[in-house]
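Let's take a walk through a protein model together. Have a look at the sequence and the 3D view, and then we'll start with the ligand.

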Amino acid sequence: LFMVTPFVPLQHQVAGHNGSMQSVDGSLFCKAAKHREIKFYNDSHGKMMDPSDSLALGSLLIDWMPVYLGTLDPGLSDELSSKKSDIVDGNQNTLGKVGQNETFLVLENVLYGYRKPNIMDIKLGNILYDETADKAKVERMKEVSRSTTSGSLSFRICGVQISDDFHGELPASIENCKMEDVCHRKPDGYLTFDKRFGRSLTETSVRDALRLFFRGNCLAKVIQDKIVDNFVIRLQTLYNCLLDTEVRIISGSLLFVLEDDEQRWKDMEYEDPVLEERLIDDSDDEEEEEEEGGGGSIISSSLSCLKFIDFAHARYTPGEGYDEGLIKGVENLLKLMADI
Ligand code: ADP
Ligand code: MN
């Protein structure tokens with residue numbers, strides 16, 4: 001996969017570490033990942049193979065995760081290493097930093113197919129460190145939680161990107177947070193709000209930030225309403241899933257994506273599925289494949305979506321019940337969504 005697919009820097013990223021990549025065609029997302037995150041993807045996949053196959057879409061965590069395509073180990077194969085310069089595709093910074101021992105996680109790029117994606121990353125949970133954190137990190141993370149909505153609401157906005165041609169105006173400030181300090185205009189026509197934005201929000205002002213994401217776009221009000229309704233249904237469905245899932249996920253995020261190109265809504269006849277059927281490589285079904293014109297590749301047709309991402313500090317914990325931090329976070333999000 002790595003040999004045939006050159007990777008370039010990720011086009012749209014709203015939070016997290018630098019260095020994530022996408023395939024040239026934009027269909028794949030790729031990031032350096034530690035053992036724990038890869039194990040979590042593998043474990044989640046394992047649960048999908050359970051006999052409980054007839055479960056409704058959305059009842060398993062994997063239904064909410066980006067499609068997992070596998071891992072890449074550039075350091076494992078000499079052949080691959082020697083091709084490294086081809087893979088880098090002129091961008092030494094991206095892969096140049098990457099050590100030979102690093103493993104990459106290859107996922108579906110959940111923005112694939114979007115013409116104008118508006119994106120929001122919300123970190124769930126009130127505890128932001130796990131048992132691997134050293135003393136200094138524990139103290140730092142406790143302070144982040146204490147001083148932000150992570151502590152009060154069990155969720156925190158980590159990053160937002162919206163197209164800068166939206167109807168209406170950007171408020172000069174949201175509560176004590178001056179937009180000129182935290183909002184950046186990118187050359188490609190997007191406004192991005194950095195992590196200081198989310199950290200400065202309070203229980204009250206976080207509602208205005210959510211409103212900015214859901215209403216700060218070029219779409220007709222009826223479409224916006226539909227999007228909000230759809231995300232509410234998604235959050236409720238995810239909530240039920242999380243009640244039944246014995247995990248501890250620290251620093252995991254919900255990624256909200258919406259299509260801000262009204263023409264694409266028209267093209268898709270305003271059909272926006274709550275959840276997309278998982279697109280598993282169905283190579284038995286040759287005929288269908290030919291019709292669809294894609295050999296098991298990812299075809300995205302959604303106009304908005306909710307994904308659970310970032311499992312660097314996640315594990316299944318059988319017998320320990322649900323993760324209270326996640327539950328509280330989704331509950332509070334749902335409460336606030338009612339006012340959007
Ligand atoms: P980190 O460990 O650096 O926080 P994340 O997994 O949280 O990495 O991803 C960081 C950012 O990358 C997200 O906020 C989002 O913008 C983008 N991203 C993550 N996963 C995907 C994906 N599957 N498709 C598209 N973008 C993604
Ligand atoms: Mn993250």
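**Around the ligand and into a strand**

Domain 1 (7-108) and domain 2 (117-277 + 297-337) both give residues to the shell around ligand 1, so ligand 1 lies between them; the domain bounds come from an automatic or database domain assignment. Keep in mind that this is a predicted model, where local features need pLDDT of at least 70, side-chain atom pairs count only at pLDDT 80 or more, and totals for chains, interfaces and linings use all residues. Residues are numbered from 1 along each chain as its sequence is written, while chains are lettered from A and ligands numbered from 1 in the order in which they are written.

So who surrounds the ligand? There are 22 residues around ligand 1, and the closest are Gly16, His17, Phe29, Pro66 and Asp310 (a residue counts as near if its C-beta atom, placed from the backbone, lies within 6 Å). Strand 3 (28-33), strand 5 (103-108), strand 6 and strand 13 are the elements that give two or more residues to this shell; strands are DSSP runs (E, at least two residues), numbered from the N terminus.

Now zoom in on strand 13 (residues 253-259): 7 of its 7 residues are buried, so strand 13 is largely enclosed by the rest of the structure. Buried means that 20 or more other C-beta atoms lie within 10 Å of a residue's own, with C-beta atoms placed from the backbone. In a regular strand, side chains alternate between the two faces of the sheet. Here, Ser253, Leu255, Val257 and Glu259 are buried on one side, and Leu254, Phe256 and Leu258 on the other.

What pairs with strand 13? Strand 6 (residues 117-124) runs antiparallel to strand 13, joined by 7 bridges, and strand 14 (residues 304-309) pairs with strand 13 in the antiparallel sense over 6 bridges (pairing takes at least two DSSP bridges).

Terms used
A residue is buried if 20 or more other C-beta atoms lie within 10 Å of its own, exposed if 12 or fewer, and partly exposed in between; C-beta atoms are placed from the backbone. Helices (H or I, at least four residues) and strands (E, at least two) are DSSP runs, numbered from the N terminus.
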